[in-house]
Amino acid sequence: MEEKSLFSPYKMGKFNLSHRVVLAPMTRCRALNGVPNAALTEYYAQRSTPGGFLITEGTIVSPSAPGFPHVPGIYTEEQVEAWKKVVDAVHAKGSIIFCQLWHVGRASHQIYQRGGVAPISSTSKPISNRWRILMPDGSYGKYPTPKPLETYEIKEVVETYRQAALNAIRAGFDGIEIHGAHGYLIDQFLKNGINDRTDEYGGSIENRCRFAMEVIQAVVSAIGADRVGFRMSPAIDHLDAMDSDPLSLGLAVIERLNKLQLTLNSKLTYLHVTQPRYTAYGQTESGRHGTEDEEARLMRTWRNAYQGTFVCSGGFTRELGIEAVAEGNADLVSYGRLFISNPDLVSRLKLNTPLNKYIRKTFYTQDPVVGYTDYPFLNGSQDPLSRL
């Protein structure tokens with residue numbers, strides 16, 4: 001039996017991967033007016049490898065969903081048609097690609113909302129002044145007071161996820177990832193530090209899990225469990241997303257995912273969990289929820305509880321990724337910032353060669369080249385195969 005390593009093959013449901021290095025979903029703000037363009041096509045094709053697995057940046061499911069400038073959507077026909085070019089380029093290089101479905105909830109601003117209305121959430125509590133929102137002109141503003149969804153409105157939001165999933169499959173994506181992490185809409189229902197509802201979507205841990213499970217079930221019913229991943233971050237306090245008992249919250253979500261899989265007699269493609277060491281600005285900061293040993297225990301507990309493919313993300317280096325897979329703490333490891341500056345990250349990690357340094361100030365600019373597709377490959381040039 002072949003020893004497990006970061007660079008060994010893995011069967012992720014019906015998908016055969018040639019290695020376990022995953023492109024993590026990352027907001028890049030290059031889809032002008034919400035429509036994928038040639039820059040996105042080149043960016044994702046550059047990071048594609050035969051048998052590789054890519055997850056797109058957060059892709060908004062409705063007009064009420066964005067909280068960043070120029071993020072792509074998947075709710076109009078123009079967006080669907082534009083994504084087809086991206087997907088075709090990735091498939092031409094032999095990679096598998098999932099579309100991450102995203103609604104930021106209260107992590108938005110009236111400037112991003114049609115008619116200048118308040119963003120929606122589980123609550124009327126705004127994100128604290130500890131955090132700032134990126135505005136279209138590049139400045140940073142305060143998060144406004146959100147509008148809590150009425151109970152009857154929640155079904156309408158669930159439907160936007162279902163339709164977005166169908167749209168993603170029409171665009172050619174191999175599957176979708178539901179973004180239930182990092183303080184965005186689904187996380188705003190999950191965390192008791194945010195969710196102060198008194199209806200069936202608030203209070204008990206069962207009620208707080210209800211919205212997430214309704215979204216998952218709606219998407220699964222539309223496109224099948226074997227094309228659906230779910231991302232969560234129970235121990236992450238990004239955008240004030242705190243919970244008093246992250247261990248139990250993670251286990252509650254996993255218990256429901258396992259039960260759903262048993263009922264369907266079909267597994268989700270994967271569960272994607274962010275390490276507790278992740279912070280808002282990408283710094284490693286142990287001790288936010290305890291010691292490094294306690295944080296590792298959280299991840300091992302969730303990993304052992306989940307019955308399916310387990311993907312980890314959050315501050316992984318080459319060494320930490322190799323260790324996570326070798327010790328059985330993850331099946332796959334997703335990389336973010338290192339993949340931004342190293343389009344050939346898989347080769348560099350495998351060969352243990354030096355990495356390009358990323359330039360943080362260009363993460364969220366709108367330039368279609370600078371800080372996006374201009375990072376060099378190992379041979380010092382751009383990858384000609386990516387220019388499709």
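1. Strand β5 (residues 96–102) is largely enclosed by the rest of the structure, because seven of its seven residues are buried (buried: under 20% relative accessible area, 1.4 Å probe, protein chains only). Helices (H or I, at least four residues) and strands (E, at least two) are DSSP runs, numbered from the N terminus.

2. This is a predicted model: local features need pLDDT of at least 70, side-chain atom pairs count only at pLDDT 80 or more, and totals for chains, interfaces and linings use all residues. Residues are numbered from 1 along each chain as its sequence is written, and side-chain values use heavy atoms, without hydrogens and water.

3. In a regular strand the side chains alternate between the two faces of the sheet. From β5, Ile 96, Phe 98, Gln 100 and Trp 102 point one way, while Ile 97, Cys 99 and Leu 101 point the other way.

4. β5 pairs in the parallel sense with strand β4 (residues 53–60) over six bridges (pairing needs at least two DSSP bridges). Thr 59 is opposite Leu 101 of β5. Strand β10 (residues 175–180) also runs parallel to β5, joined by four bridges; Ile 176 in β10 is the bridge partner of Cys 99.

5. The largest nonpolar core has 100 residues, and Ile 176, Ile 178 and Phe 230 are among those with the most contacts inside it (a core: buried Ala, Val, Leu, Ile, Met, Phe, Trp, Tyr and Cys joined through side-chain atoms within 4.5 Å). Helix α5 (residues 205–223) gives the largest share of this core, 10 residues. Another core, of 12 residues, lies apart from it and includes Ile 96, Phe 98 and Leu 332.

Conventions. Buried means under 20% relative accessible area, exposed over 50%, partly exposed in between (1.4 Å probe, protein chains only).
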